[in-house]
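Have a look at the sequence and the 3D view, then read on.

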Amino acid sequence: MRKSLLPVPPVAAVRPRISEIHGDRRVDDYAWLRAKEDPEVLAHLAAENAYTKAMMRPSEPLQRSLYREMVARIKETDMGVPYRDGEWLYYSRTTRGRQYAVYCRRKGSMRSKEQVVLDMNQLAKGQSYLGLGAMDVSPDGNRLAFSTDFSGFREYTLRVKDLVTGEVLPLAIEKTRSVAWAADCETIFYVTEDDAKRASRVWRHRLGTDDHALVYEESDVRFSVGVDLSRSLGYLMITSHSATASEVRCLRADHPEDTPRLVVARRAEHEYYLYHHGTHFYIVTNDRGRNFRLVRTPVDDCGEKRWEEIVAHRDDTMLEGVDVFARHLVLHERSGGFPRFAIMRIADGERHDMEFPEPAYSAFAGANEEFDTDVFRFAYESFVTPDSVYDYDMQTRERTLLKRFEVMGGYDPAKYRTELAYARAADGTEV
């Protein structure tokens, strides 16, 4: 009999490890493979890689052909749509042959000199991998808090860059998640992970000091915690959330050393999320139903007895969130399976829905950093329409197409159309 010329796949050794937790006996035959630096584990992984390479070698010409075809449909040298944040216009750009984006800004207008905020290609030099986590510019525009991962295990180290001098400060905080600036632009709040990679602790640090104060610790292992600065720049929000419940604490951004104040204590199956506007908070809550409603409450008295309903719960429409601006609210809703935006004027409650031209599509908010604006940035795409970025004037209801990302290779949207059809299931439900 003729022997097979195919390589023999490596087989991991079976070494049972027995553990008992709460009376449950578990056997893991391959627990030894968790020792990532063990020479035997590394040797087994090398053998698996060699086997894979040998098995895939006949397809290498096809792999190269597919790669060339995919790259040919990507515009490698490109620039994102600039967005305003304070005095600056921020954007990212990519260059053919370089793996990562470069994040930049220009002061006042796009005619002014470019300043590189963060060059990912420079950071990646000498590294086999680079991932970007947080990226948050201080309210005065002078500092950048950013986090990077060079391991591929989503373990991010937080650093701060002085955007005036270009210097990266010696600060390095490992295993971080979200970050937010206080109003003084000297104090940062950041979240760290526990050994189970759960975001569990919120810290406060004033730059130039050695002090890292624990602000809040989430002791319930079902919950993770995040920190954010409101678009109004008035309040810092600390949100604890599980799959089915949430709880928010807040403090004034100009009083970073205050103790965070609990808005409403957590309870089973109750989710709520906080947004600031002047003397009020807007709250998206599911206290009246799974599709959420919108309420408003004074910032100095957030108890549920003071909640004033702005948008009622609806059985046929999910309220997924809200963008709060100085004069308008943008309601992020979902109806019939598709997203939509509803614009509400704060002064009198006048509302209108934004219309979209196709029956099936995707739409989501873009970069909306400014609070005192009448312009809402959003992205739109469909099976026919490539990713497109618009500005929508919430007063005049006019939309401006800023960019439609080019699909290389001769794509012509006029040759295609999108249709939406429903089938009725046995129980009468339209699918």
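Predicted model: local features only at pLDDT ≥ 70, side-chain atom pairs only at ≥ 80, totals over all residues.

You'll find methionine 70 in helix 2, which covers residues 60-72. Together with Leu62, Leu66 and Tyr67, Met70 makes a nonpolar surface patch of about 450 Å².

Next, find the open sheet of four strands, which pair antiparallel in the order 23-24-25-26. Strand 23 (318-324) and strand 26 (351-353) sit at the edges; each has a single partner strand, so one side of each has no neighbour in the sheet. On average, neighbouring strands here are turned by 25 degrees against each other, direction ignored.

Now zoom in on strand 25 (residues 338-345), which runs antiparallel to strand 26 and is joined to it by three bridges. Which residue in strand 26 does alanine 342 stand opposite? It's aspartate 353.

## Salt bridges

There are 38 salt bridges in the count. One of them pairs arginine 177 with glutamate 193, with the closest N and O atoms 2.7 Å apart. Arginine 177 belongs to strand 11 (residues 173-181) and glutamate 193 to strand 12 (residues 187-193), so this pair links distant parts of the chain, 16 residues apart. Are these two buried or partly exposed? Arginine 177 is partly exposed at 36% relative accessibility, while glutamate 193 is buried at 10%.

Another salt bridge brings together the side chains of aspartate 184 and arginine 206, at 3.2 Å from N to O. Aspartate 184 is in the loop between strand 11 and strand 12, and arginine 206 is in strand 13 (residues 199-206), 22 residues apart. Aspartate 184 is partly exposed, at 33%, and arginine 206 is partly exposed too, at 41%.

Because arginine 334 lies in strand 24 (residues 328-335) and glutamate 320 in strand 23, the pair ties together parts that are 14 residues apart in sequence. There's also a network: Arg314, Glu333, Arg340, Arg351 and Asp353 are joined by salt bridges that share partners.

## A last stop at serine 362

Serine 362 is in strand 27 (residues 362-365) and counts as partly exposed, at 30% relative accessibility. Leaving out residues up to four places away in sequence, serine 362 touches Pro339, Ala379, Tyr380 and Glu381. Aspartate 387 is 25 residues away along the chain, yet its C-alpha atom is 9.3 Å from that of serine 362.

Terms used: Residues numbered from 1 in each chain as written. Heavy atoms only, no water. Pairing = 2+ DSSP bridges. Helix = DSSP H or I, 4+ residues; strand = E, 2+ residues; numbered from the N terminus. Axes fitted to C-alpha atoms, helices over the stretch in contact; angles between N-to-C directions. Patch = residues over 30% accessible without salt bridge, like charges linked within 9 Å, V, L, I, M, F, W, Y side chains within 5 Å. Areas by Shrake-Rupley, 256 points an atom, 1.4 Å probe, with all protein chains shown as cover. Salt bridge = Lys/Arg side-chain N within 4 Å of Asp/Glu carboxyl O. Buried < 20%, exposed > 50% of the residue type's maximum accessible area, 1.4 Å probe, protein only. Contact = heavy atoms within 4.5 Å.
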